[in-house]
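Please look over the model shown here before reading my comments.

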Amino acid sequence: MTEEKQKLLVPFSFTAKSEQALQFALNYSRNVHASIYLFHVYEEKSSDFRKVDKLNAEYLERMKQIVINNINAFQEKGLTHSVENVFRRIANGKPPTEILKMAGGIGADVIIMGGAPLAGLAPKI
């Protein structure tokens with residue numbers, strides 16, 4: 001019987017605190033069978049779909065580079081993740097709501113956040 005992977009959701013806002021949360025998730029996943037879901041929520045509203053597509057591509061690429069940089073830094077410690085094992089997701093909306101929707105959607109076992117919880121998230125948990 002194969003061990004089921006834990007699903008770690010890491011909300012990501014391109015801040016030092018959210019990068020620390022990613023590093024924690026990468027380090028934690030060395031000891032457990034886990035998948036990491038890096039998740040960015042942006043609140044900008046636009047009906048210009050080209051602009052939204054460009055933003056999505058830009059955020060995904062930035063997230064990819066951050067993941068690669070962190071994986072490279074951890075490789076000497078025996079980290080087994082590759083960039084393909086860290087899933088990157090983006091949503092548009094209010095972060096507390098979107099984080100909880102994503103957690104439910106992927107069946108997250110743990111949400112790893114860097115810093116204080118987002119206003120409005122605690123009452124929804």
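The numbered points below take up these two topics in turn.

1. The model is predicted, so that local features need pLDDT of at least 70 and side-chain atom pairs count only at pLDDT 80 or more, while totals for chains, interfaces and linings use all residues. Residues are numbered from 1 along each chain as its sequence is written, and side-chain values use heavy atoms, with hydrogens and water left out.

2. The axes of helix 1 (residues 16–28) and helix 2 (residues 49–74), lines fitted to C-alpha atoms over the stretch in contact, come within 11 Å and cross at roughly 50 degrees. The two helices are therefore oblique to each other (angles under 35 degrees count as roughly parallel, over 145 as roughly antiparallel, 65 to 115 as roughly perpendicular and the rest as oblique).

3. Contact, meaning heavy atoms within 4.5 Å, is made by Glu-19, Leu-22, Gln-23, Leu-26 and Asn-27 of helix 1 and by Ile-66, Val-67, Asn-70, Ile-71 and Phe-74 of helix 2.

4. There are 5 aromatic pairs in the structure, where rings of Phe, Tyr and Trp (its six-membered ring) pair if their centres lie within 6.5 Å, and planes under 30 degrees apart count as stacked, over 60 as edge-to-face and the rest as tilted. Phe-14 and Tyr-59 are stacked, at 5.7 Å centre to centre and 25 degrees between the planes, and this pair links distant parts of the chain, 45 residues apart.

5. Ring pairs join Phe-12, Phe-14, Tyr-42 and Tyr-59 into a cluster. Tyr-59 is buried at 14% relative accessible area, whereas Tyr-28 is partly exposed at 30% (buried means under 20%, exposed over 50%, partly exposed in between, with a 1.4 Å probe and protein chains only).

Technical notes. Axes are lines fitted to C-alpha atoms, for helices over the stretch in contact, and angles run from 0 to 180 degrees between N-to-C directions. Helices (H or I, at least four residues) and strands (E, at least two) are DSSP runs, numbered from the N terminus.
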